[in-house]
Amino acid sequence: MIRYLKSGATTETRAKADRKVRELVESTLADIEANGDSAVRELSVRFDDWSPQSFFLSKEEIDRAIDEVEPQALEDIRFAQAQVRRFAEAQLASMQEVEIENSPGVILGHKHIPIDSVGCYIPGGSYPMVASAHMSVLTAKVAGVKRVIAAAPPYKGKAHPAIVAAMHLAGADEILVLGGVQAVGAMAIGTESIAPVDMLVGPGNAFVAEAKRQLFGRVGIDLFAGPTETLVIADDSVDGLLCATDLLGQAEHGINSPCALLTNSEALAHETEQAITELLEKLPTADIARQSWETYGEIIVCDSHEEMLQVANKMAYEHVQVMTENADWYLENMTNYGALFLGPRTNVAFGDKVIGTNHTLPTKRAARYTGGLWVGKFLKTCTYQKVLTDEASARIGSYCSRLCALEGFAGHGEQANERVRRYGKRDVPYAGQVKA
C-alpha cells in the first residue's frame, strides 16, 4: 500500500504559476523579434542592470577573465571537462553509420551529421553554473558542431570569470554576457548583432525553460525542462542523514524544486524527516531549500521494492538516487528516469558537476519519452539511398507504381513509371500503373 507521509504542491498550484510565466515570455519574445538589439539591451538593463558596449566578449576580455580564476579552480575545471569529454567521445564512437545493399542493386544508409550552429545557455543567477559549460559547449564540440555560441548572465556586475574560463576551455566560438529570456531569444531569433542558431540547449530558470518551449520549432532544443527534481529511493540499508543530505542538496536549486523520498521503511521515513529538520538549521542555503522542501517535498512509503518501482516509474523524475541493498535491480527494471545514481557512494552532485555524464536532463515526467542531453542530440541521423542498376530501378519502380496507384497519387506514380520505361524498357501508360 502506498502511503504519503508528506505531500507536495497540487497540480493546480503548479499550473497557475506556469500560466504567468508563459504569458510574460510570450510578450518578451515578441519584443525581441520586433525590435532586435534595442529590445535585448532594454531587457538586459531591466533584469540584470547590464548594458555593456558589446554583449560579446573579446579575446582580451576572455583572457583577463581567465587570469582572475584561481589556479586550483582552473585545474578542477579541466579535470571535470576531461571526464565529460571522455564519456562524450565514447558515446560518439558507439554511433555507427550504416550502409547496406538492402536488395540487389539498392543501397540504403544513414549518416550522422552535426548541427551547424548551437546556442548554449549557462545559468548564473542565484548560482554561477560553471558545470553547464562542460555539459553543453564541450559536448556540442565533441559532436562536431561548427559554431557554438555560449551565453551566461552577468554576475555581480561583470562576466563571471570561472564561467568564462569553462566556456572558453570547452571550445565556445562566441561568448555572450547576457542572461535570461533575452539571451535565448536573441540566439534563436537573431538580432542585428547576433546571428541566429539552429538549436538551443542548456538548463535555466522557469522563464528560460518556457522561452525554449515557445521557440521550439523555430529552432531545435535539447528537451523540455522545468525545475530540477530529485527522487531518493532507499531502504533500511542506509540512514536518514544520508537521505536528507541528498534531498536537500538538490532542494537548494530553487524554491520550486521537487524532491521526494521513496522508501519501504517507515522508520527510515521518519528518521529522514527529522534529519531534514536538523540540517535546515545549519545549511547555508536553507532559505531556498526550506521553501522547496515545505512546498514540493514528499515522503512516500511503500510495502515492497516492486511497489516502489511502480511509483518511481510513474513519477519519472529527473534525478533518481538509489540507495538499496540491490541498487542494480533498479538499473535492470526501471524505465522512466533522467539519470540513475546507484548506491550510497555516488550522488546527484557528482553527476551535476564532475563525474562525466551530462546534467541536462528531462523533468516534468518527460523521462517517459526522452533521455537527457548527450552527444547524439547534436547530430542529425540522415538517410540516403542509391539505386545502382537498371534492373533494380525497374524492379523497385514496378512495386512503387502499384502502391502509388493504390493511394491515388498519380504524380508519385509517374516518378516510378518513368524509371520503368527508361530502365526496364516497358510500355507503361501515362498515369497508369505497372502490371505485375
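Author: Happy to! Please keep in mind that this is a predicted model. The residue to look at is Arg3, which sits in strand 1 (residues 3–6).

One partner of Arg3 is Glu266: their side chains meet in a salt bridge, at 3.6 Å from N to O. This pair ties together distant parts of the chain, since Glu266 belongs to helix 9 (residues 266–279) and lies 263 residues from Arg3. Glu266 is partly exposed, with a relative accessible area of 39%, and Arg3 is partly exposed too, at 23%.

Arg3 also forms a salt bridge with Asp303, where the closest N and O atoms are 3.1 Å apart. Here again distant parts of the chain are linked: Asp303 is in the loop between strand 11 (297–301) and helix 11, 300 residues from Arg3.

For context, the model holds 15 salt bridges. Another of them joins Arg422 and Glu418, at 2.8 Å from N to O. Those two are 4 residues apart in helix 15 (residues 410–424), so about one helical turn separates them. Salt bridges with shared partners connect Glu414, Glu418, Arg421 and Arg422 into one network.

How values were computed. Residues numbered from 1 in each chain as written. Predicted model: local features only at pLDDT ≥ 70, side-chain atom pairs only at ≥ 80, totals over all residues. Heavy atoms only, no water. Salt bridge = Lys/Arg side-chain N within 4 Å of Asp/Glu carboxyl O. Buried < 20%, exposed > 50% of the residue type's maximum accessible area, 1.4 Å probe, protein only.
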